[in-house]
Each structure stands twice: as C-alpha cells, then as structure tokens.
Amino acid sequence: MPYTRLVFLPLLLSAGLASAHSAPITIGIDPTFPPFEYTDSHGQLAGFDVELGKAICHKIERQCQFISLPFDSLIPALQARKFDMILSSLSINAERQKSIDFSVPLFTTPVYLVAAKSSHYLPNAASLKGKRVGVQQGSVFESYADKYWQPQGVTVVTYASPDQIYADLSAGRLDATLDDAVSASDAFLKKPQGADFALKGKEVKDPALFGQGTGIGFPKQGEEQLKKQINQAITDMYQDGSFKRLNQQWFSFDVSVHPQSG
C-alpha cells in the first residue's frame, strides 16, 4: 500500500544512550482532520494528535515516525504491520475492537450535524430524508449515517477527506455533513466559506458507534509491551498535568476523559 507521506520527528532524549538506539515507533495518521492532524503551510505535520504523539514518545524515550495514509486505509495497514500503531482521532468502538486493540482512551469530543444556518435540518432521518449528507469514508460518522439515515431515504455520500466535504457543502452539492464539532468548527465554520453554516440541533450520541472517546490503535497481537508503555505514558500525562497544558494550548474547552492534575 503506497504511503502518501513519511515524516520523521526526532525527539531529544534526556537520558539513556540505549534509548537513542531503539527502533523508532511508526505511527499511522491521516493529516486531513484539523485541528487534530493536518499538514501546515510548510508541509509539516501539525495538530493536537501530532503533539500528543510526540509527547507520548518523549515519555517512553522513543523516537517517532508518522506515516500518512487515507483514513480508511489506516486499520488495514496496521493489520498488515505497515506501522506500529494508529494515532488519528480514532474512536474506540466495539466494531473496531474486533480487528484491532486500543490504548486507554485519550480524549473525547462531540458529534454534530453541520448545515446552512438558514436550513431547518436536524440530525434525524425524518428531517434529512431526500437530502445529501456527506461523511468521511471509514469514519464513525459514515457508520452512523449508514445505520440510521440511509435506510430512511437519506443519500449518504462518502469522501476521502473532510476538506472535500466542506468544499461540496459550501458549493451546494451537499445539504449537510455529520462531523466532529471541534474539527468542523476549526476547518470550516470559522473560515469565510463556512460563515453561512452552523452546528444544527443537539449533539449526536451513540455509545455503541462513537465509543467512549478516541484511542491509539494497535495490532491484535505482537505489541503488548508497547501498548503497556503507551498506556502508562497517557496515564502519566493526565496525572502530571501535561495533558491539561496541551489541551489548553489547542482548545478552549476540556476534551479529557480522565481526572486531571496540574
């Protein structure tokens, strides 16, 4: 499977020459989901997940390589051992847990319908019947729309990336989209092309599909030691306040799923 981008992020290690010679951790990511993961104006990976990944790697004194792939290719590539783990706003749910393992939860954010301010659309099949709703291919948003809306006459249109969805939404080729509210606000609603659009109705909830937050994905077997180290690093970041500081750097609200210190 071809890689779209390989970014090497060297991390300065404060101790231990042995750690410096360890093989880097390879991390699958889809950088089309700002502010969590995206490519900046200099062609470098950036975003909350990227900084979180770097901080986790620093905690366990390892180096990181981020490997970019389309979102719906991440899990198959992980199963094929193309990289060690996935860190790409990946929701933990029962369906995905059949094929991969997860870390402890990282964070959680709300899901909303996005549509024109002037519309009366709400996040239910009756309101959206006969309409075109865009979703990212392979996402939990696609799973939700396919399960609850498509059988009731809603046309669900899949896209490789959110920016393609928002281009079609602003051009009138879509009536709405289902997305993470943080990403939708940052990538679309706060920009000129999103000025006439808004989050519509109430938060969309489905614990079975959306899970209890996002996590780092691991192969079903073979990475138990790494998973243990990553889980401890995540726990430590919550306890020492470093997750809280990173949260405050990127967001104006709390995305945590664990008790925090600091």
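This is a predicted model: local features need pLDDT of at least 70, side-chain atom pairs count only at pLDDT 80 or more; totals for chains, interfaces and linings use all residues.

Biologist: Great. What volume does the largest pocket have?

Modeller: About 430 Å³. On a 1 Å grid over the protein atoms alone, a pocket is an open set of points with protein on both sides within 12 Å along at least five of seven lines, while a cavity is a set where a 1.4 Å probe fits but cannot get out; lining residues have an atom within 4 Å of a point. Points are joined across faces, edges and corners, and a volume is the space filled by probe spheres set on them.

Biologist: Which residues are closest to the centre of that pocket?

Modeller: S91, T108, T109, V111 and F210, out of 28 residues that line the largest pocket.

Biologist: And which element gives the most to the lining?

Modeller: That is β7, with three residues. At least two residues each come from β7 (85-91), α6 (140-149), β13 (197-204) and α9 (207-210). Helices (H or I, at least four residues) and strands (E, at least two) are DSSP runs, numbered from the N terminus.

Biologist: How does that lining divide into nonpolar, polar and charged?

Modeller: Ten nonpolar, eleven polar and seven charged residues line the largest pocket. Here Ala, Val, Leu, Ile, Met, Phe, Trp, Tyr, Cys and Pro count as nonpolar, Asp, Glu, Lys and Arg as charged, and the others, Gly among them, as polar.

Biologist: How many cavities of 30 Å³ or more are there?

Modeller: The count is one cavity of 30 Å³ or more, and the largest cavity holds about 30 Å³ of space. Its lining is made up of F33, V135, Q136, F141, P162, I165, T177, L178 and D179. Two or more of these come from each of β10 (132-136), α7 (162-170) and β12 (176-180), and β12 gives the most, three residues.

Biologist: On to the rings. How many aromatic pairs do you get?

Modeller: I get 14 aromatic pairs. Rings of Phe, Tyr and Trp (its six-membered ring) pair if their centres lie within 6.5 Å; planes under 30 degrees apart count as stacked, over 60 as edge-to-face and the rest as tilted.

Biologist: Why is the pair of F36 and F48 edge-to-face?

Modeller: The planes of F36 and F48 are at 80°, with ring centres 6.4 Å apart, so the pair is edge-to-face. F36 is in the loop between β3 (32-33) and β4 (37-39) and F48 is in helix α2 (residues 48-59), so to speak a link between distant parts of the chain, twelve residues apart. 

Biologist: Are F36 and F48 buried or exposed?

Modeller: Both F36 and F48 are buried. Buried means under 20% relative accessible area, exposed over 50%, and partly exposed in between (1.4 Å probe, protein chains only).

Biologist: What about F36 and F251?

Modeller: The rings of F36 and F251 have centres 5.5 Å apart and planes at 45°, so this pair is tilted. F251 sits in the segment after α11 (242-250), 215 residues apart from F36. With 8% relative accessibility, F251 counts as buried.

Biologist: Which residues form the aromatic cluster?

Modeller: One cluster is formed by F33, F36, F48, F107, Y238, F243 and F251.

Biologist: Now the largest nonpolar core. Which residues touch the most other members?

Modeller: F48, L52, I56, I216 and I230 do, in a core of 31 residues. A nonpolar core is a set of buried Ala, Val, Leu, Ile, Met, Phe, Trp, Tyr and Cys residues joined through side-chain atoms within 4.5 Å. The largest share of this core, six residues, comes from α10. Another core lies apart from it, with 20 residues, among them A125, V135, F141 and F210.

Biologist: Is R81 buried, exposed or partly exposed, and why?

Modeller: R81 counts as partly exposed because its relative accessibility is 45%.

How values were computed. Residues are numbered from 1 along each chain as its sequence is written. Side-chain values use heavy atoms; hydrogens and water are left out.
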